[in-house]
Structures are given as C-alpha cells and as structure tokens.
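Trainee: I have a model open and would like to go through it piece by piece. Can you take my questions as they come?

Mentor: Go ahead.

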Amino acid sequence: MGKLIYGTQTGTTDEIAERIKKALPELIHEIKPIFRAGESDFDENFLILGGSTWGDGELTDDWSDFFPQLDAVDFNGKTVALFGLGDQYGYGYNFVSAMKLLYDKVLERGAVIVGDTVPLEGFEFDHSESVVDDHFIGLVLDEVNQPEMTDDRIETWAETVRNQLLSKVS
Ligand SMILES: Cc1cc2nc3c(=O)[nH]c(=O)nc-3n(C[C@H](O)[C@H](O)[C@H](O)COP(=O)(O)O)c2cc1C
C-alpha cells in the first residue's frame, strides 16, 4: 500500500488525484496534498507523486515550497510513479516539464521509478523536459484540451504500474 501526494495551482489536480486512486485502490490508501504533507508522509514503500506544470515548466507553488525538504527523504527501497498535468497547445514549448524535476530528485535520492515509459502518441507539442528516450517519464494528462482521454490514459497507466509492481514482488 502507498500514498498519492500531489500539488495543484488552481485545483484541477484535486479531482485527478481521486481518479488515479480509484484506478489503483489496492495500492493507494491515502491522498495528500503537498501543502499539508510532511516528511513522514513519504514513509511508504510506494508513492505516486505529481501535479500540474506552472509558470514556464515549473512546479506549482506548493511543490516548490516543499521541494528542498525532499533532500531529507531517503527514497532507497521506495518505488515511485509520477504523473503530470499540462496544456500541450498553450505551453507546447514546455509541456508537463515540471514532472521531470520530481523525477530527477527522487532518482537522485534512490527511488525506483515505475510507469515511466508512457508513449507520446496522441499528444502534440514542441518540447517537454519530461520526455526521456522517446517516452514520457510518467502519466501525462491534458485537462485543458483532452479531458475526454483522461479516463483511458489513467486506466492504461494504472495497469502498467500494477503489473510492474507485481513483477517486482514475484
Ligand atoms: C500561468 C500558467 C502557466 C502554465 N504553465 C504551463 C507549462 O509551462 N507547461 C504546461 O504543460 N502547462 C502549463 N500550464 C497549464 C496547467 O498545467 C494546466 O492548466 C493544469 O491543468 C492546471 O492544473 P491545476 O489546476 O491542478 O494547477 C499553465 C497554466 C497557466 C494558467
């Protein structure tokens, strides 16, 4: 069991967090907005971390405020999956780039990442920091332009995460 910790600037991610939890009921026992989280909230074997990209490829203010505290969290032995919200047409030069800031930090702190080979198909954008080896490094959602695709994207990704976790255990 694990926890989903997320940031948001204008509240869109609140509901998305619920929908991701619903897709992985056996893996997520609690949702925590990062503005209410402390270091002890990261004391889990499995974590889903995410939120929207703001500014110019930046984290939301709530994640930015907490970010230095991640240096006090030991991610060794923890498995992390990431998700990000963005606007591919409005900010196609920096689409969902903030997810990469979390990715780099948890990797540096020892985490194993799952759900990190999400295909780029179905998106149109010029640049994203969150593309590594021709894949997104986590679940990508665009509630501004493609809300109708969100359920399928969550479901497909959740299945991958579930399978990757199962194969790690067995
Ligand atoms: C001022 C502003 C800056 C934004 N910057 C980016 C960006 O750099 N990259 C991106 O993909 N989306 C960007 N977005 C789009 C948001 O990520 C998107 O609207 C998201 O759904 C907001 O989620 P939230 O309400 O949970 O914060 C920006 C939106 C606004 C209004």
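Trainee: Which elements make a right-handed β-α-β unit with E5?

Mentor: H3 and E6 do; E5, H3 and E6 together form that right-handed unit. Keep in mind that this is a predicted model.

Trainee: How do E5 and E6 pair, and over how many bridges?

Mentor: They pair in the parallel sense, over three bridges. Thr-79 stands opposite Val-112 in E6.

Trainee: What else does E5 pair with? Start with E3: how many bridges there?

Mentor: Seven bridges join E3 to E5, and the two strands run parallel. Ser-52 is the residue opposite Leu-85 of E5. E5 also pairs with E9, in the parallel sense and over three bridges. In that pairing, Phe-83 has Leu-139 of E9 as its bridge partner.

Trainee: How many residues of E5 are buried?

Mentor: Seven of the seven, so E5 is largely enclosed by the rest of the structure.

Trainee: And which residues point which way from E5?

Mentor: Thr-79, Ala-81, Phe-83 and Leu-85 point one way, while Val-80, Leu-82 and Gly-84 point the other way. Residues on either side of the strand are all buried.

Trainee: Now the core. How many residues are in the largest nonpolar core, and which have the most contacts inside it?

Mentor: It has 45 residues, and Ile-48, Val-80 and Leu-82 have the most contacts inside it. Several elements each supply at least two of its residues, among them strand E1 (2–7), helix H1 (12–23), strand E3 (46–54), strand E5 (79–85) and helix H4 (150–169).

Trainee: What does Val-80 touch, leaving out residues up to four places away in sequence?

Mentor: Leu-47, Leu-49, Phe-75, Val-106, Ala-111 and Ile-113.

Trainee: Over to Trp-157. Where is it found, and is Trp-157 buried or exposed?

Mentor: Trp-157 is in helix H4. It counts as buried because it has 23 C-beta neighbours inside 10 Å, and the cut-off for buried is 20 or more. Leaving out residues up to four places away in sequence, Trp-157 touches Gly-115, Val-118 and Leu-139. That is the Leu-139 that is the bridge partner of Phe-83.

Trainee: How many Å separate the C-alpha atoms of Trp-157 and Phe-67?

Mentor: 25 Å, with the two residues 90 residues apart along the chain.

Trainee: Change of topic, the ligand. Which residues come nearest to it?

Mentor: Of the 23 residues around the ligand, Thr-12, Thr-13, Ser-52, Gly-86 and Tyr-91 come nearest. Ser-52 is also the residue that stands opposite Leu-85 in E5.

Trainee: Which element gives the most to that shell?

Mentor: E3, with three residues. H1 and E3 each supply at least two.

Trainee: What is the shell like by class?

Mentor: It has six nonpolar, 14 polar and three charged residues.

Trainee: What does Thr-60 touch, again leaving out residues up to four places away in sequence?

Mentor: Ser-52 is one of its contacts, and the others are Gly-7, Thr-8, Gln-9, Gly-51 and Trp-54. Thr-60 is found in the loop between strand E4 (58–59) and helix H2 (61–66). It is buried, with 22 other C-beta atoms within 10 Å.

Trainee: Back to strands for a moment. How do E1 and E2 pair?

Mentor: E1 and strand E2 (residues 28–33) pair in the parallel sense over five bridges. The chain crosses from E1 through H1 to E2, and this β-α-β crossover is right-handed. Tyr-6 stands opposite Pro-33 in E2.

Trainee: Last item, backbone angles. What is phi of Val-96, and what is phi of Asp-133?

Mentor: Phi of Val-96 is near 45 degrees, and phi of Asp-133 is near 50 degrees. Each is a positive value in a residue other than glycine. Most residues other than glycine have a negative phi.

Trainee: Where do they lie, starting with Val-96 and then Asp-133?

Mentor: Val-96 lies in the loop between E5 and H3, and Asp-133 lies in the loop between strand E7 (131–132) and strand E8 (135–136). Val-96 is buried, with 31 other C-beta atoms within 10 Å. Asp-133 counts as exposed because it has 7 C-beta neighbours inside 10 Å, and the cut-off for exposed is 12 or fewer.

Methods:
Residues numbered from 1 in each chain as written. Predicted model: local features only at pLDDT ≥ 70, side-chain atom pairs only at ≥ 80, totals over all residues. Core = buried A, V, L, I, M, F, W, Y, C linked by C-beta atoms within 7 Å. Helix = DSSP H or I, 4+ residues; strand = E, 2+ residues; numbered from the N terminus. Contact = placed C-beta atoms within 7 Å. Near = placed C-beta within 6 Å. Nonpolar A, V, L, I, M, F, W, Y, C, P; charged D, E, K, R; others polar. Pairing = 2+ DSSP bridges. Right-handed = clockwise from strand over helix to strand, strands pointing away.
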